[in-house]
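Here's a quick briefing to read alongside the structure.

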Protein chains: 2
Amino acid sequence: MQDLLARPVLPHAGKVWLIGAGPGAIDLITVRGAALLGQAEVVLHDALVTSEILGLCSQAHLVSVGKRSGQRSTAQTVINQQLIACARRFERVVRLKGGDPMLFGRADEELRALESADIRYEIVPGITTAFAAAAAICQPLTKRGVARNVAFFTSTTAKGETDEAALPSCDTLIQYMGGHEAISTAKRLLAVGKSPDTPVIAIENVSRTNQKVMRMTLIHMAQGLPDCSGPVLVMIGEALRARIKDS
Amino acid sequence: MQDLLARPVLPHAGKVWLIGAGPGAIDLITVRGAALLGQAEVVLHDALVTSEILGLCSQAHLVSVGKRSGQRSTAQTVINQQLIACARRFERVVRLKGGDPMLFGRADEELRALESADIRYEIVPGITTAFAAAAAICQPLTKRGVARNVAFFTSTTAKGETDEAALPSCDTLIQYMGGHEAISTAKRLLAVGKSPDTPVIAIENVSRTNQKVMRMTLIHMAQGLPDCSGPVLVMIGEALRARIKDS
């Protein structure tokens, strides 16, 4: 980053594209996102963005501002300052986030910072992990007569702390970064009367070559997930029950 | 469709790709989805898939199996039969759905039908309308300290009937195809104590050139939305409050 800050400030600031990288596979980013990455001069990316995706912007200066649950990460205010500093020195700056930038992404803080600094920006959506997971395991998140609505939630804060917010009351529940709190989430759902037999699918490293799918029921989840080192998506609800072949 | 069925049956059935077209803009489909469309022999698509996107598969036979709220559409069992009939006659068949195929897409029924007929398939996720909308209006769906979780729901059935399922209890509520039920949804939320001042953003034709953004509060929504002919996404919650510029 230091060498980038040594560059001269432009007479007019450049533009920032806030882009969703999708789940990690190189071809699960949007066509628009891939094209913009190929034109970027600087890319500030999260730790969870894969090297495959970063291969789409090999011409750019790469700055890892990664946040990762439980690991050392750049404070949000520092990321905001870096974004602004880059936009003052380069025409085309990309802020690249895993999944979609508008879900659990601290986008509000980054957009406010850019607006305060009068930096132009544009947002490009990405495939959020839940949809990549549903596609990978061939299980729809909604199902006629069984699951009419879906909630996305997380209780891991940026600092890796957990905060027990009320669990949403939806047919299908998707907990992002849910690995560490699996036992707590299961116990709380059982306590409010969710059936012990409710299907659960936990997936580590969704859409990547080392993807690991764990199928269980809510009562088993209450005893904990197998050890995982990558990010884990936890999906709970009747829609996740394995299909029995008809006929 | 009749001329396609006149084709000879293959010795081994082809493969079906269930692909999410995203919100409509030609470059908001995934790189994988665009590549597969370019190689398809037959594409069975919903009515809501835009002509822009269909331009990516101009080499293919196009079959509209469109469903659109309140309009005549092909019954789901007929779609299932058409999919199977095409896969028995062509190597590369695409079932193209607006948004993401695993959310409100009747995917469960199509996958069951394909499995029963021993047809191989693969699923490619797409940008669901809510994320495209959040990007277009620059409003994140979650916001630290304000909105920790998001629910996606719909109450319009495939036949255009509405069914008043319980409203989810999430900080941010996103109702797909929510235009016709706007008054009812608003009244029900007010009745359970949601603040009349809660911000609402209704968006018609998300990501398309004729996109229309309507900002209001919950109490105004209870009086109805302006007339819309396209699909309307209704977004409700504090996260949708317009940002006031800092500093």
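Ile19(B) stands opposite Val124(B) in strand S5 of chain B, so let's begin with the strand that holds Ile19(B), S1(B). Keep in mind that this is a predicted model.

**Strand S1 of chain B**

- S1(B) covers residues 15-20, and six of its six residues are buried.
- Which residues point which way? Lys15(B), Trp17(B) and Ile19(B) take one side of S1(B), while Val16(B), Leu18(B) and Gly20(B) take the other.
- S1(B) runs parallel to S5(B), residues 120-124, and five bridges join the two.
- S1(B) also runs parallel to strand S4 of chain B, residues 92-97, this time with six bridges.
- On the S4(B) side, Leu18(B) stands opposite Arg95(B).

**The ten-stranded sheet**

- Strands from both chains make up an open sheet of 10 strands with mixed pairing, in the order S9(A)-S8(A)-S10(A)-S7(A)-S6(A)-S6(B)-S7(B)-S10(B)-S8(B)-S9(B).
- At the edges sit S9(A) and S9(B), each spanning 212-217 and each pairing on one side only.
- Ignoring direction, neighbouring strands of this sheet are turned by 15° against each other on average.
- Within chain B, S6 (149-153) and S7 (172-175) pair in the parallel sense over four bridges.
- Phe152(B) has Ile174(B) in S7(B) as its bridge partner.
- Helix H6 of chain B (129-137) packs on the sheet, and its direction makes about 70° with that of S10(B).
- What does H6(B) touch? The list is S6 of chain A plus S6, S7, S8, S9 and S10 of chain B.

**How the two copies relate**

- Chain B superposes on chain A by a rotation of 180° with 0.0 Å of shift along the axis, at an RMSD of 0.0 Å.
- That is the relation of a two-fold axis.
- The copies meet through the same surface, because 100% of the interface residues of chain B are also interface residues in chain A.

**Arg243(B)**

- Arg243(B) lies in the segment after S10 of chain B.
- Is Arg243(B) buried or exposed? Its relative accessible area is 15%, under the 20% cut-off, so Arg243(B) is buried.
- The Arg243(B) side chain reaches the backbone oxygen of Cys138(B) at 2.9 Å.
- Leaving aside neighbours within four places in sequence, Arg243(B) is in contact with residues of chain A, namely Asp108(A), Leu111(A), Arg112(A), Glu115(A) and Tyr121(A), and with Cys138(B), Gln139(B) and Pro140(B).

**Lys194(A)**

- Where is Lys194(A)? Look in the loop between helix H7 (182-191) and strand S8 (199-204) of chain A.
- Lys194(A) has a relative accessible area of 24%, which falls between the 20% and 50% cut-offs, so Lys194(A) counts as partly exposed.
- Not counting residues up to four places away in sequence, Lys194(A) touches Cys170(A), Asp171(A), Leu189(A) and Leu218(A).
- Arg215(A) is 21 residues from Lys194(A) along the chain, and 17 Å separate their C-alpha atoms.

Conventions: Residues are numbered from 1 along each chain as its sequence is written. Chains are lettered from A and ligands numbered from 1 in the order in which they are written. This is a predicted model: local features need pLDDT of at least 70, side-chain atom pairs count only at pLDDT 80 or more; totals for chains, interfaces and linings use all residues. Side-chain values use heavy atoms; hydrogens and water are left out. Two strands pair if DSSP finds at least two bridges between them. Axes are lines fitted to C-alpha atoms, for helices over the stretch in contact, and angles run from 0 to 180 degrees between N-to-C directions. Contact means heavy atoms within 4.5 Å. Buried means under 20% relative accessible area, exposed over 50%, partly exposed in between (1.4 Å probe, protein chains only). A polar contact is a pair of N or O atoms within 3.5 Å; within protein, one must be able to donate a hydrogen and the other to accept it, and residues adjacent in sequence count only if both atoms are side-chain atoms. Copies are superposed by least squares on the C-alpha atoms of residues with pLDDT of at least 70 in both.
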